[in-house]
Amino acid sequence: KKSDPTIFIIFGGTGDLTKRKIMPALYNLFLNKWLPENFAIIGTSSTKTNVQKYIDDLQSAVDEFSRNGKTNEEDWKRFSANITFQDADVTDSAAFKPFAKLIDQYKKEWQKTPSIIYYCAVAPRFFCTIAENISKAKLENDPKTTRIIIEKPFGIDLESARELNKKLLGIFAETQIYRIDHYLGKEVVQNIMAFRFANSIMEPLWNRNHVEHVQISVTEQIGIEGRGNYFEHAGILRDMIQNHLLQLLCIISMEPPINFNADEVRDRKVDVLKAMRKIETGKVETMSARGQYSSGWIEGKEVLGYREEKNVDPDSNTETYAALKLYVDNWRWQGVPFYLRTGKRLFKSASTITLQFREIPHNIFLSEESGAPKQNRLVISIQPDMAIRFQLQSKVPGLEMNLNTVDVVFDYSAGKKTDSPEAYETLLLDAITGDQTLFMRADQVEAAWELIMPILNYWEKNKEQNFPNYSADSWGPENAEALIAKDGYHWFNLP
Ligand code: BG6
């Protein structure tokens with residue numbers, strides 16, 4: 001991937017995201033020689049700070065959060081020579097003027113037209129304001145060389161997402177807008193495309209004839225991490241399902257695109273969302289389950305219940321766990337249930353996708369001792385384990401014909417963990433090179449909102465009487481077990 005000189009203007013340049021994700025990613029890209037020879041990072045925030053202090057703060061952040069651990073002084077010096085700071089109140093277009101000057105300076109210095117990346121690493125209420133002020137201040141906005149990165153959450157419901165798209169599209173072309181869903185940048189998630197479409201043995205199995213049901217599970221041990229203000233108004237359905245889990249579902253169930261072009265791939269994903277069975281209001285109860293955690297013990301430490309967390313209403317109706325049963329009504333998937341679940345403060349952190357294949361048509365291993373053959377599964381582990389495993393039936397070595405389950409595994413941990421780039425590295429490099437494949441298009445975001453709106457509305461109107469209904473350190477509420485058990489299945493929990 002070869003790229004032009006690039007200027008990053010990071011709104012929210014002193015914020016948490018910049019420190020935890022963006023800077024470590026840029027620094028690692030730099031170390032691995034992926035950044036263009038000429039690049040500049042302009043951090044910005046409303047409070048003044050001097051450049052050296054800004055750079056020092058960023059260094060401590062990178063020391064703490066980079067997958068490569070502490071920075072090396074020499075490397076950091078070379079990298080940080082490209083960083084500057086410009087304070088700006090994002091609500092004031094006049095405050096954007098200095099950026100024009102800085103851009104001009106770099107142009108002169110480099111003698112080349114740079115790509116400009118405006119990065120909105122700020123609270124969502126500022127996304128539009130920033131776009132509008134870029135336009136008002138007449139900052140560089142050439143559709144070929146200028147891009148804007150928008151963080152999540154993209155809207156709080158279908159209406160606000162539409163509104164935001166409309167406003168952004170009044171200023172930028174769709175080809176300039178990079179809506180982040182960091183799950184799409186994860187290594188194993190990217191491999192699903194390769195796994196499905198670069199192997200001839202997968203595709204014949206990848207449909208309703210062979211797949212009985214699919215589980216997409218993202219369990220987290222962490223709670224809301226002090227984000228009460230945000231989470232109270234979001235809930236897990238908005239925070240995780242509308243974006244991350246539905247995107248995973250799209251990658252698993254999409255049709256093969258004709259090539260790897262960004263719009264081709266995204267067209268096929270949108271097809272999936274369009275084919276999803278609409279959830280009728282009357283069916284919300286039978287197609288979903290919600291939960292909220294109470295206090296509990298995690299790894300020997302007592303943790304608060306959700307309602308006791310800071311900035312959370314003691315009677316809060318916000319869900320911290322959600323499970324859904326969905327269908328993709330098309331030729332390939334008709335009748336195959338997709339079960340999604342995600343929650344905070346669960347027993348283990350693990351993101352996995354499991355395809356359970358149908359039973360063998362006839363069991364020839366009749367004797368009791370041989371054990372009935374179990375159904376095959378394909379388990380895609382995204383994190384913390386990175387692996388793809390087939391669970392097959394096999395003869396136990398010995399004189400009798402006994403069966404057990406064996407795993408055929410592709411395990412990434414053969415290499416070092418730190419060898420895999422983080423999602424933000426992949427995504428930032430794609431933004432630099434102008435590849436939108438792993439970013440969300442306007443229609444994708446809207447289709448995902450459209451799908452979950454009936455549940456959101458129903459849950460908002462109908463308070464859950466049993467909250468809190470699962471304790472921290474458990475696998476979630478009983479109603480989520482019931483949701484899947486009534487179809488004769490159970491959630492696959494890691495030991
Ligand atoms: C974010 C959510 O988008 O994803 C968080 O806002 C969640 O609530 C996080 O914890 C999970 O991401 P990851 O990469 O740690 O699985």
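Start with helix α8 and the ligand: α8 gives the most residues to the shell around the ligand, three in number. Helices here are DSSP runs of H or I with at least four residues, strands are E runs of at least two, and both are numbered from the N terminus. Before you go on, note that this is a predicted model, in which local features need pLDDT of at least 70 and side-chain atom pairs count only at pLDDT 80 or more, while totals for chains, interfaces and linings use all residues. Residues are numbered from 1 along each chain as its sequence is written, and side-chain values use heavy atoms, with hydrogens and water left out.

**Stop 1: the ligand**

Select K152, H182, Y183, K186, E220, I222, R227, D239, M240, H244, K344 and Q383, the residues around the ligand (each has a heavy atom within 4 Å of it). By class, this shell holds three nonpolar, three polar and six charged residues (Ala, Val, Leu, Ile, Met, Phe, Trp, Tyr, Cys and Pro count as nonpolar, Asp, Glu, Lys and Arg as charged, and the others, Gly among them, as polar).

Now show polar contacts, pairs of N or O atoms within 3.5 Å; within protein, one must be able to donate a hydrogen and the other to accept it, and residues adjacent in sequence count only if both atoms are side-chain atoms. A side-chain N or O atom of K152 is 2.8 Å from a ligand oxygen. H182 also places a polar side-chain atom 2.8 Å from an oxygen of the ligand, and for E220 the distance is 2.7 Å. The ligand taken alone exposes 400 Å², and the protein buries 79% of that (Shrake-Rupley method, 1.4 Å probe; for residues, only the protein chains shown count as cover).

Stay on K152 and look along the backbone: its peptide bond to P153 is cis, with omega near -5 degrees. P153 lies in the loop between β5 and α6.

**Stop 2: the nonpolar core**

Next, select F11, L26, F79, L326, F338 and I353, which touch the most other members of the 147-residue largest nonpolar core. Helix α8 (residues 228-253) supplies the largest share of this core, twelve residues. Such a core is a set of buried Ala, Val, Leu, Ile, Met, Phe, Trp, Tyr and Cys residues joined through side-chain atoms within 4.5 Å; buried means under 20% relative accessible area, exposed over 50%, and partly exposed in between, with a 1.4 Å probe and protein chains only.

**Stop 3**

Move to T318, in the loop between β11 (301-303) and β12 (321-326). T318 counts as buried because its relative accessibility is 10%. Its side chain reaches the backbone oxygen of E232 at 2.9 Å. Leaving aside neighbours within four places in sequence, T318 contacts F231, E232, G235, Q292, Y306 and F467 (heavy atoms within 4.5 Å). From F467, step to P468: the peptide bond between them is cis, with omega near -5 degrees.

**Stop 4**

Finally, colour α5 (residues 127-136), where F127, C128, I130, A131, N133 and I134 are buried. These buried residues pack against β1 (6-11), β4 (115-120), β5 (146-150) and α6 (158-169). After the helix comes K138, whose phi is positive, near 55 degrees. L139 sits in the loop between α5 and β5, and counts as buried because its relative accessibility is 5%.
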